[in-house]
Amino acid sequence: MYKNSIPHLIASISLIMLIVGLASCGKNCDDGFTGKNCDIEKIPTKVTITKIVVNGFAPLDPSQLQWDVGSGADIYPVVTGENTANVVWSAPTYYQDADANTAYTFQPEIILDLIYPEKYYTIMLMDNDGGTIFNQDDAIATAVFLPYNAGQSFPEVITLNSQNMEVDLHVKYTW
Ligand SMILES: [Ca+2]
Ligand SMILES: [Ca+2]
């Protein structure tokens, strides 16, 4: 009886350690990762845009004319859902007569959360013509994007290139 109980005890301890080991897996992974090898991405609950940098945009409108008569575009970004009628955020300020090849930074005055990380959003670059967003202001460019792209290890900057604009979205993720 005594001779048999030692191996049993060792086996029991080994089993307990194995269970504890398995249970603790994932707890020491970097943010956003899980799994035995910490290589499985967790889908974020939201993605927050902390900064938008417009690196460049088309210097001329589709008719090859200046965006304004005699001056350059007065730029500001708007973030919408996939349907551009669903405005999530419209920048309250703009850069007057922006240079098409200069980088301009916009920092949202609100916490700009994208709460559907796996759904498409749109960023539009507008030219402020003193009108409302969709009546009179010129739309310079639009780019559609997913806040979360699986398999990319959560980049801090999402760079979007559309025909008429290059823009960097600085983001942070929440899980
Ligand atoms: Ca204009
Ligand atoms: Ca102008």
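The largest nonpolar core in this predicted model has 30 residues, and I75, L125, I140 and M165 have the most contacts inside it. Five strands each put at least two residues into this core: β3 (46-57), β4 (75-81), β8 (121-127), β9 (138-145) and β11 (165-174). As a bit of background, nonpolar side chains in soluble globular proteins tend to be buried together.

Let's zoom in on L125, which sits in strand β8. L125 counts as buried because 26 other C-beta atoms lie within 10 Å, and the cut-off is 20 or more. A further pairing to look at is L125 with T142: they are 17 residues apart in sequence, yet 6.3 Å apart in space, C-alpha to C-alpha.

| Residue | In contact with |
|---|---|
| L125 | V54, F57, I75, P77, I140, A141 and M165 |
| M165 | V54, G56, F57, L125, I140, A141 and A143 |

Now for the sheet. Four strands line up as β5-β4-β8-β9, making an open sheet with antiparallel pairing. Which strands stand at the edges? Those are β5 (87-90) and β9; each has a single partner strand, so one side of each has no neighbour in the sheet. On average, neighbouring strands here are turned by 20° against each other, direction ignored.

Inside that sheet, β4 and β8 are joined by seven bridges in the antiparallel sense. Across from I75 you'll find D127 in β8, and I75 is also one of the residues with the most contacts inside the core.

How values were computed: Residues numbered from 1 in each chain as written. Chains lettered and ligands numbered in written order. Predicted model: local features only at pLDDT ≥ 70, side-chain atom pairs only at ≥ 80, totals over all residues. Core = buried A, V, L, I, M, F, W, Y, C linked by C-beta atoms within 7 Å. Buried ≥ 20, exposed ≤ 12 C-beta atoms within 10 Å, placed from the backbone. Contact = placed C-beta atoms within 7 Å. Pairing = 2+ DSSP bridges. Axes fitted to C-alpha atoms, helices over the stretch in contact; angles between N-to-C directions. Lists of a residue's contacts leave out its neighbours within four places in sequence.
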